[in-house]
Amino acid sequence: MSSGETILRLEKLTKHFPVTRGIIFQREIATLKAVDDVSFEIKAGQTLGLVGESGCGKSTLARCIVRLLDPTSGRIEFEGEDISRLSGKALRSVRRDLVMIFQDPMSSLNPRMRVSEIIGEPLEVYRAGTSATRRARVMELLELVGLNSEHFNRFPHEFSGGQRQRIGIARALALSPKLIVCDEPVSALDVSVQAQIINLLEDLQAEFGLTYLFIAHDLDIVRRVSDEVHVMYLGRVVERGTDEDLYEAPHHPYSAALLSARPVPDPDRAQNRTHIVLEGDVPSPLDLPSGCRFRTRCPRAQPVCSEVEPELDGPAGIHEWACHYPLETWPLASPEDIRRPGSAVGVTEVGP
Amino acid sequence: MSMPPAMSPIPVDVLAPREVGGHSAPTRGPWALMWRRLRRDKAALASVAFIILLFSFAAAAPLFESWTNHPQNTSNVAGSDDVTLLPVGPLGGCDGVTDVGKDTCFILGASNVSGHDMLVQLSYGARTSLFIGVVSTAITVAVALVMGLLAGYSGGFTDGVISRLMDVVAAFPFLLFAIAVSTVFRSNVWTVIFVIAAFSWFYPARLFRAEVLSLREREFVSAARMLGASTPRILRKHIFPHLVGATVVYASLSIAGAILFEAALSYLGFGLPADIPSWGRMISQAVPGGLYRNAPYLMIFPGTLLVLTALAFNMLGDGLRDALDPKGNVDR
């Protein structure tokens, strides 16, 4: 696949979890809408960043894409083929090219297996090569991710968090995949180790032309690695754009609030910037607000927001947002600037 | 597999054994760690020693038989005192005139009910107890593993059906059923084993199911699925190895339970037929007419052996549980 072609396209991907009751015969009592109508595409060799707070459906989306979960509806086109309904052999052959790196390097490695078995597992599953070539490949992968061959026979508990994440990356790379879904690959690590892992992922991308779907809640890391960023809120993409557009001129009040909350490594700038603090909690995905999902916490909400759900709008493929009353200016001079007259929701003032 | 061209060819020296520099502590597998801990547990080691002795005692049964010249299933008239009609006590008949070990000498005494030599009976009884304990435990654990894995990993309807089945078995009056089976069928070693296994699998199965339920949600299982591993492979490589510890511990405890249960059934007269030696029946033979008041050894020898055997398997089980505990201290 040459660079620039679409490798993954999601079309109205939806994942609802039924909440059931009953011992043997279960009946559905509610529906948890974890991912609702998400569409996007990733071009080969690029990185798409996905941000959002805990519980917004990022991980569910990732698990649907690698088919650890079965989507409720919608299409997942991988290299032009809809894989959302595949199973058995057909799914297995897709899995060689589409892998995932997990968030928690402690629990994503089987504590009873040696490093050689963990990294060699995909090779064994697909019966790739002889045991000697598999062994050689594991050695090569260890060096590729910055570990060395004497780690071959160790157990996961003998490694630090960063080293374990490297083992997870080596396992993902074993069969030379095309797309890697990174589900918060660095959020369980120290800041200094985060940088090493990010560098490793970038080096690997440059070397092997990998495509990443990079999920995180750290806006700065996502900006650093991504060509395009999507912001999710309660199962929907509320704003998307190239990193420059989105970070320098957010249009959705939610993106603006997220951006204003990120730590600034400069005391002078940190003092002067405006800090938008949203009120209330994220509504339950079991009982979503009518209209715009963000309206219960939005300082710009108007009556229409509770009636009509906004669709993504704006320059298609460049910068789109799903809001009836998008922001026009950024940065804001004061937190009150985000407010629109008539909105019932306020903004908490935070002193410097 | 064809390697992508982008990957560098593998340097040859990677395959050669390389000099490992600096500190490189030998890597220990879970079993090596377990053995290190078990070695420091004196009670568990004593249990292991006792269990080895017991197996040797059981294995040596034919030797005792030929040495004493008291075949296991023939009555020895010499076993009772001619005047009192009481059984001879320990060392009875061993007066030093007769050759020791020949015909009239009963080292651990004899039973006047069956006329059997106690020593020979005890060692054949050990065979029965160990056989029933080990075989019924093997069946129990195998059934429990299958049920636990099936219920825990598949979840949903299958889990519901198996879990309710476990509840039903748990609610069943175990002893009454065992008595009923032994009156309907002519009981032998296998019916006793069947009854024990049929009513003990639910307990370890519940343990395994709970364990599998939590293992199934661990990310390394998702990772294996994501990599395309089949369900049998996941069960074998990722789930089962985590159950081995619990299985070993449970098996050890379960052997003790099965031995005690067989003894209880035989004591009540619903266990093994009279031609199969059993510690439980040996104890029961001392009861009628208050025989144990005149010949307490009839109860003391099999009773002590039974208690020690159950204790040894239980202490070994406890020792194994501590040794396999991942949070345990290596250098305790």
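Helices (H or I, at least four residues) and strands (E, at least two) are DSSP runs, numbered from the N terminus. What you're looking at is a predicted model, where local features need pLDDT of at least 70, side-chain atom pairs count only at pLDDT 80 or more, and totals for chains, interfaces and linings use all residues. Residues are numbered from 1 along each chain as its sequence is written, while chains are lettered from A and ligands numbered from 1 in the order in which they are written.

**Exercise 1.** Find A:D37: in which strand does it lie?

*Solution.* Start with the element: A:D37 sits in strand β2 of chain A, residues 27–43. Next, check the backbone: its phi is near 55°, which is positive in a residue other than glycine. Finally, the surroundings. A residue counts as buried if 20 or more other C-beta atoms (placed from the backbone) lie within 10 Å of its own, exposed if 12 or fewer, and partly exposed in between. A:D37 is partly exposed because it has 17 other C-beta atoms within 10 Å.

**Exercise 2.** Now try A:E184: buried or exposed?

*Solution.* First, locate A:E184 in the loop between β7 and α6 (191–208) of chain A. Its phi is positive too, about 45°, although A:E184 is not a glycine. Then count: 22 other C-beta atoms lie within 10 Å, so A:E184 is buried.

**Exercise 3.** Work out the order of the seven strands in the open sheet of chain A.

*Solution.* Two strands pair if DSSP finds at least two bridges between them. Walking across, you get β6-β7-β8-β3-β9-β10-β11, with mixed pairing. The edges are β6 and β11 (319–321) of chain A, each pairing on one side only.

Now zoom in on β6(A), which pairs with β7 (residues 179–183) in the parallel sense over four bridges. Here A:L98 stands opposite A:L179. Side chains alternate between the two faces of the sheet in a regular strand. In β6 (residues 98–101), A:L98 and A:M100 point one way, A:V99 and A:I101 the other, and all are buried.

Further in, β3 (residues 47–51) and β8 (residues 211–216) of chain A run parallel, joined by five bridges. A:V51 faces A:A216 there.

**Exercise 4.** Which residues are in contact with A:F214, leaving aside neighbours within four places in sequence?

*Solution.* Contact means C-beta atoms, placed from the backbone, within 7 Å. The list is A:T47, A:L48, A:G49, A:L50, A:C182, A:V222, A:V225 and A:S226.

Definitions and conventions: Contact = placed C-beta atoms within 7 Å.
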